[in-house]
Amino acid sequence: MNGWILAATVALGAGVGTALWGVATGPLRRRVVAQNMSTALVCPALLLLSQGYTRPSYVDLALVLALLGPVGTLVFARLLADELADDPPRAWGVTWAVAGFGAVVVGVVSAATGPSRAMVKLLVIGALLIGGNVVASRALSGGFRGVGRG
Amino acid sequence: MADAVIVVVLLLVGATATTAVAVRDPARQALVLSVLGVVLAVLFTVLQAPDVGLSQLAVGSALTPLLLLLTVRKVRRRARGKGRQE
Amino acid sequence: MSRRVRLWLVAVGGGALAALLVAACLDLPAFGGARHPYGDRAVREALARHTANTVASVNFDQRAFDTLGEMTILFAAVLGCVVLLRQTRDEHRARPEPEPVALPVRRYALVVLPVALLTGLYVVAHGQLSPGGGFQGGVVAATSLHLLYLGADYRALERIRPVGLYEVGDALAVSAYLVTGIAGLIGGSAFLANTLLPYGTFNTLSSGGTVPLLNAAIGMEVACAVVVLLARFLDQAVEIEEEGK
């Protein structure tokens, strides 16, 4: 076991454990934020695991999660909009903290990779991940205002 | 020691799956289920099966919640319509 | 059957299954051992056919016939869904009202849609080289189209999604898989045998013989199947209403 895998283990155990607690209990606004946080934490953990196992092709998993994780949160924001409109989540502190964690992980893993095409891919994943989760957080707190049927 | 990450992820999968069964409301259950999908993908990755992990991510992160929530919406709309008629 | 008898039946069946599972687990090789007889043989075969991703070689070369079965299951499931969720005579379609979407969300959806579509195609095309393949890439590509529903409204999605075309695409992709298999039978040795095409240079896009072709067929099949499936669900949830409302 090396430092990368240890970091991933801590992120998964502490971070995703907390997210699981958040998604299992409390009002709906807390649960949707916790769901968004779980993808935002697992994606950096996958990058750390790929680095720890020295398997660059495992980065594809992080790429797919960085794309589809926020899409999953948008699904909840869109289809639970009526319920969330009464009691919108306000969790910018958590959102930016987790986004910062993602940025740090992408930065460190990119530095370890060195300038190459793999590093460009890592930076793209980082941008998609952070942008996606911030937008998903925005969508949860009133991104779909109407209570329409569309 | 090298298997610590496998143990942690296995525990997470067990806890998430149990939660998904214990939560009763379908919409909230879909939230837990999407977390379960992501955690399962990590389990497949640490067991060195990234192909399966990628399948799980593709299906579990957006597609399953979408299908579930659309079904919930249809059922609720139908219940509302029936309530209005009576 | 009374409740008591049913409970007994479940208890006996469950107990027997648990006993069998425990007995089977006791005979398994230890977790994380170094001896992998099947793995070693599969890797040797995959390398002989210049397929870098052994899983792709197992799925689309060594056990391509099993994949045909899985594809048929998905095809049948979607067919059943289309029949079950059709518009019945006492239902009518209501026009969905457009939903107001916050500007950042709308922009995000429009930017990420092409990126996700491209990623889906990338995962399909690199199936024989890195983790991924037709199924995974097809699902990603199909999901990406639905960003139009999430970021705009249902009518925007309907404009780029003529369901009929995707149904035809689904059937064509299934036929393409079968035709590749029959080509192996006629030109080579057996159904779905990977002996027709040159194996190419190891670890390039064109390596692996028929593996990339079968991967592409599966990718198209899955993408079309998911689009058709979601179209039925969306129609039911958004448009179709019962009469008398």
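How many residues does the contact take from chain B and from chain A? The exercises below work through this and related points.

The model is predicted: local features need pLDDT of at least 70, side-chain atom pairs count only at pLDDT 80 or more, and totals for chains, interfaces and linings use all residues. Residues are numbered from 1 along each chain as its sequence is written, while chains are lettered from A and ligands numbered from 1 in the order in which they are written.

**Exercise 1. Describe the contact of chain B with chain A.**

Step 1. The contact takes 34 residues from chain B and 35 residues from chain A; two residues are in contact if their C-beta atoms, placed from the backbone, lie within 7 Å.

Step 2. On the side of chain B that touches chain A, α1 (4–22), α2 (26–46) and α3 (50–85) each supply at least two residues. Helices here are DSSP runs (H or I, at least four residues), numbered from the N terminus.

Step 3. The most comes from α2(B), with twelve residues.

Step 4. By class, this side of chain B has 26 nonpolar, six polar and two charged residues. Ala, Val, Leu, Ile, Met, Phe, Trp, Tyr, Cys and Pro count as nonpolar, Asp, Glu, Lys and Arg as charged, and the others, Gly among them, as polar.

**Exercise 2. Characterise α2(B).**

Step 1. From its first C-alpha to its last, α2(B) reaches 30 Å with 21 residues, close to the 30 Å expected at 1.5 Å a residue. The expected span is 1.5 Å times one less than the number of residues.

Step 2. Of the 21 residues of α2(B), 17 are buried (20 or more other C-beta atoms within 10 Å of the residue's own, with C-beta atoms placed from the backbone).

Step 3. Q48(B), which follows α2(B), has a positive phi, near 60°.

**Exercise 3. Determine how α5(A) and α6(A) are arranged.**

Step 1. Helix α5 (residues 92–113) and helix α6 (residues 117–140) of chain A pack at an angle of about 175°, with their axes 9 Å apart. Axes are lines fitted to C-alpha atoms over the stretch in contact, and angles run from 0 to 180 degrees between N-to-C directions.

Step 2. Therefore α5(A) is roughly antiparallel to α6(A) (an angle over 145 degrees).

Step 3. Residues making the contact include G102(A) of α5(A) and G126(A) of α6(A).

Step 4. By class, this contact has 13 nonpolar, seven polar and no charged residues.

**Exercise 4. Decide whether N215(C) counts as buried or exposed.**

Step 1. N215(C) is found in helix α10 (residues 211–239) of chain C.

Step 2. N215(C) counts as buried because it has 28 C-beta neighbours inside 10 Å.

Definitions and conventions: Buried ≥ 20, exposed ≤ 12 C-beta atoms within 10 Å, placed from the backbone. Parallel < 35°, antiparallel > 145°, perpendicular 65-115°, else oblique.
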